[in-house]
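This briefing covers selected local features of one protein model. Please consult the sequence and structure shown below alongside the points that follow.

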Amino acid sequence: MSAFSAADHEYMAEALRLARRGIYTAHPNPRVGCVLVKSGEVVGSGWHRKTGEAHAEINALTIAGDQAKGSTAYVTLEPCSHHGKTRPCVDALVEAGIVTVIAAMGDPHPSVSGAGFDALGSAGIDVCVGLLQAEARRLNEGFISRLERGRPFVRLKFAASLDGRTAMASGESQWITGEAARQDVQRLRAASGAILTGISTVMTDDPSLTVRDESIDTGGLQPLRVVLDSQLKMERSARMLTLPGKTVVFCADDSNRRALDDAGVEIHVVPDAVQRTDLASVLNVLADMEINDVLVEAGPLLAGALLSADLVDELVIYQAPHMMGSETRGMITSPDWLALKQRQELEIVDIRMVGRDIRITAVPH
């Protein structure tokens with residue numbers, strides 16, 4: 001196939017819409033959608049909901065039944081060819097009599113990469129790759145980051161006033177933004193494999209770091225709560241330790257770990273949990289734990305350290321329509337930025353209103 005038609009784009013766009021239905025539940029697996037088309041009609045469609053459950057292709061084939069024979073499969077990711085928790089999707093596509101597979105992108109997982117396409121080709125199925133690839137990569141940026149870079153995709157979230165202040169001098173910060181913005185953050189949390197914060201935030205705000213919006217279907221999942229606590233100051237009475245889900249703490253000295261061990265906290269020792277090189281090590285450990293996306297909800301010190309270490313992939317800034325003045329705390333602490341040339345260049349990729357607040361999405365330039 002030399003070029004993709006308008007109909008091809010339409011069917012792949014539908015497959016991507018289906019894949020997004022797994023945004024809160026599929027991790028650590030990728031979000032995948034599949035549409036089966038025969039004689040210009042959709043005969044089956046499906047998406048991957050949760051690890052261990054059927055993949056998108058299997059769900060689409062189940063709906064299509066005998067009509068799958070002779071059809072074209074539009075998939076957002078290369079079909080798997082290995083035995084894991086489910087049977088290989090390649091085998092199912094071949095047995096069903098699929099004649100063409102159009103995929104948005106290859107799978108970066110080493111057990112799949114290229115092998116799925118090769119197996120389909122060897123079975124006589126035409127394979128075309130690259131349709132709406134950028135959109136497919138964006139949908140699975142965390143999964144791709146974990147496999148290609150060995151670390152999760154890091155999203156840094158701020159709630160600030162119009163003059164860029166995140167708390168009063170006393171630490172008071174609830175609530176800077178409105179209800180709609182806070183609900184939007186719940187969706188960010190639900191789409192993340194982990195939420196990362198520092199011990200200062202835990203001691204000041206005693207956050208829950210959970211998804212509390214019952215309208216969001218997470219399939220019963222809660223993001224992993226990750227706390228950077230160099231000297232293991234976290235108290236057994238911390239609110240997050242009383243809530244569903246798992247908490248992991250990274251520290252430099254675990255001599256005071258007994259109380260947290262008793263609370264079921266998983267503790268990892270790193271040389272110094274606030275230094276730049278060790279922030280990278282923390283992310284590497286999270287990748288080993290199959291965390292694709294990390295949402296950072298932290299104070300200015302940790303936020304500044306992550307930005308200075310070039311470990312932030314995206315910033316989401318909620319700005320409320322008020323001014324908080326000079327006796328307040330800023331978004332980041334960056335003592336090494338002393339000249340204008342050291343400023344962090346950003347590219348704004350989205351601006352929209354969320355209730356009365358402005359949500360700015362930006363990426364490091």
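Asp310 takes its place in the loop between helix H11 (300-308) and strand S13 (314-320); helices (H or I, at least four residues) and strands (E, at least two) are DSSP runs numbered from the N terminus. The model is predicted, so local features need pLDDT of at least 70 and side-chain atom pairs count only at pLDDT 80 or more, whereas totals for chains, interfaces and linings use all residues. Residues are numbered from 1 along each chain as its sequence is written, and side-chain values use heavy atoms, with hydrogens and water left out.

**Backbone geometry in loops**

- Asp310 is not a glycine, yet its phi is positive, at about 55°.
- With a relative accessible area of 59%, Asp310 is exposed; the term exposed applies over 50%, buried under 20%, and partly exposed in between (1.4 Å probe, protein chains only).
- Asp206, likewise a residue other than glycine, has a positive phi near 50°.
- The loop that holds Asp206 runs between helix H8 (199-205) and strand S9 (224-228).
- Asp206 counts as partly exposed because its relative accessibility is 26%.
- His27 and Pro28 are joined by a cis peptide bond, with omega about 10°.
- Pro28 belongs to the loop between H1 and strand S1 (33-38).

**Aromatic pairing**

- The count of aromatic pairs is one, where rings of Phe, Tyr and Trp (its six-membered ring) pair if their centres lie within 6.5 Å, and planes under 30 degrees apart count as stacked, over 60 as edge-to-face and the rest as tilted.
- The pair is formed by Tyr11 and Tyr74, whose ring centres are 5.2 Å apart; their planes stand at 50°, so the pair is tilted.
- Distant parts of the chain are linked by this pair, since Tyr11 lies in helix H1 (residues 6-19) and Tyr74 in strand S3 (residues 72-75), 63 residues apart.
- Tyr11 is buried at 13% relative accessibility, and Tyr74 is buried at 5%.

**Cysteines**

- A disulfide is a covalent bond between the sulfur atoms of two cysteines.
- The number of disulfides in the model is zero, with a disulfide taken as a pair of cysteine sulfur atoms within 2.5 Å.
- Cys89 takes part in no disulfide, and the nearest cysteine sulfur, belonging to Cys80, is 3.7 Å away.
- Cys89 has a relative accessibility of 0% and therefore counts as buried.
- Cys251 is buried, with 0% relative accessibility.
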